[in-house]
Amino acid sequence: MDNKPVFHNVWLPVLLLAPQLVITFIFFLWPAGQAVWQSTLLEDPFGLSTEFVGLENFFELLEDSAYFSSFGTTLFFSFAVAALALVVSLLLAVMADHIIKGATAYKTLLIWPYAVAPAVAGVLWLFMFNPTVGVLAHAMAAVGIDWNPFINGGDGMFMVIVAATWKQISYNFLFFLAGLQSIPRSLIEAAAIDGAGPAKRFFTIVFPLLSPTSFFLLVVNLVYAFFDTFGVIHAMTQGGPGDSTTTLVYKVYADGFVGLNLGSSSAQSVLLMILVGVLTVIQFKYVEKKVAY
């Protein structure tokens, strides 16, 4: 029996899709097209003169050591944030899934950080890591750790990784908890009866059944780390000290809005879009093979 829906009115599907198509065009296709076009131009900061230069902006980027430095910084930062956010949120979800008394309160508290704006999250962690007044900075000083994210690039990178990870944990926690609650308890109980310990039950039953959720969150977290962490970095380090926390998305802002080099900034945004697209394709081509639906 064929249950495929049939639209007898040819305009009804168009009307149903129209709002999403309009939003996609206005907020994605049109800005992306503008970025591609501006990447081929050499523009006056005040918009008084424009010259078509083709791919010259891209060639200059390929010769810019600062751009390649921010490229490496972005890869390290993004994979560190994605890995930490996934591991910590999975651990919290597993722990919350075993709580019986007061479970709702625990879950609510773990979800709350997602409502915090990235810039606010950055300011909160900046206060805690501030070498003068920060609680965490004083705790590290008490155990002999020399901490100053304003002059030490490694400290600055660690600080923004922690803040960006904390901001994303709640989002991952929601999906992992939903995935854990959808796993039939009978499978876990049967494994326990057969003598499998908690660790073996997790790695042989629970985690494989969570692989679709884990794969989805891996893609989402990498995209988040590449794009949505701008507010965190801007609020905490402004790309410093030096360029130690200048990721590609922050360099787009710094060159375009601060340096007023609009052509180079547009070229960087195009390359960033291509990079994220390539990473997503690689994940779907190779990582998804490990996913058991």
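Student: Does Asp97 count as buried, partly exposed or exposed, and what is its relative accessibility?

Tutor: Happy to, and please keep in mind that this is a predicted model. Asp97 has a relative accessibility of 15%, and because buried means under 20%, Asp97 counts as buried. Asp97 also has a charged partner: it forms a salt bridge with Arg185, and the closest N and O atoms of the two are 3.0 Å apart. This pair ties together distant parts of the chain, since Asp97 belongs to helix α3 (residues 65-97) and Arg185 to helix α8 (residues 185-193), 88 residues apart. The accessibility of Arg185 is 39%, so Arg185 counts as partly exposed.

A search of the whole structure finds two salt bridges, so let us turn to the other pair. Lys251 bridges to Asp255, with 3.3 Å between the closest N and O atoms. Here both partners sit in helix α12 (residues 248-258), four residues apart, or about one turn of the helix. Lys251 and Asp255 are both buried.

Leaving out residues up to four places away in sequence, Ser265 touches Val252, Asp255 and Gly256. Ser265 lies in helix α13, and with a relative accessible area of 8% it is buried. Between α12 and α13 (262-287) there is a loop that holds Leu260. Leu260 is not a glycine, yet its phi is positive, at about 60°. Its relative accessible area is 37%, which makes Leu260 partly exposed.

As background, most residues other than glycine have a negative phi, and most peptide bonds are trans. In this loop between α11 and α12 lies Gln238, a residue other than glycine whose phi is positive, near 50°. Gln238 counts as partly exposed, at 47% relative accessibility. Pro241 is in the loop between α11 and α12 as well, and the peptide bond that joins Gly240 to Pro241 is cis, with omega at about -5°.

For a helix pair, look at α5 (residues 118-129) and α6 (residues 135-142). Their axes come within 4 Å and cross at roughly 30°. Angles under 35 degrees count as roughly parallel, and α5 and α6 are therefore roughly parallel to each other. From α5, the residues that take part are Trp125, Phe127, Met128 and Phe129, and they meet Val135, Leu136, Ala137 and Met140 of α6. Sorted by class, this contact has eight nonpolar residues, no polar ones and no charged ones.

One last stop is Thr40, in the loop between α1 (11-38) and β1 (41-43). Thr40 counts as buried, at 13% relative accessibility. Neighbours within four places in sequence aside, Thr40 is in contact with Glu51, Phe52, Val53, Gly54 and Asn57.

Key:
Residues are numbered from 1 along each chain as its sequence is written. This is a predicted model: local features need pLDDT of at least 70, side-chain atom pairs count only at pLDDT 80 or more; totals for chains, interfaces and linings use all residues. Side-chain values use heavy atoms; hydrogens and water are left out. Axes are lines fitted to C-alpha atoms, for helices over the stretch in contact, and angles run from 0 to 180 degrees between N-to-C directions. Helices (H or I, at least four residues) and strands (E, at least two) are DSSP runs, numbered from the N terminus. Angles under 35 degrees count as roughly parallel, over 145 as roughly antiparallel, 65 to 115 as roughly perpendicular and the rest as oblique. Contact means heavy atoms within 4.5 Å. Ala, Val, Leu, Ile, Met, Phe, Trp, Tyr, Cys and Pro count as nonpolar, Asp, Glu, Lys and Arg as charged, and the others, Gly among them, as polar. A salt bridge is a side-chain nitrogen of Lys or Arg within 4 Å of a carboxyl oxygen of Asp or Glu. Buried means under 20% relative accessible area, exposed over 50%, partly exposed in between (1.4 Å probe, protein chains only).
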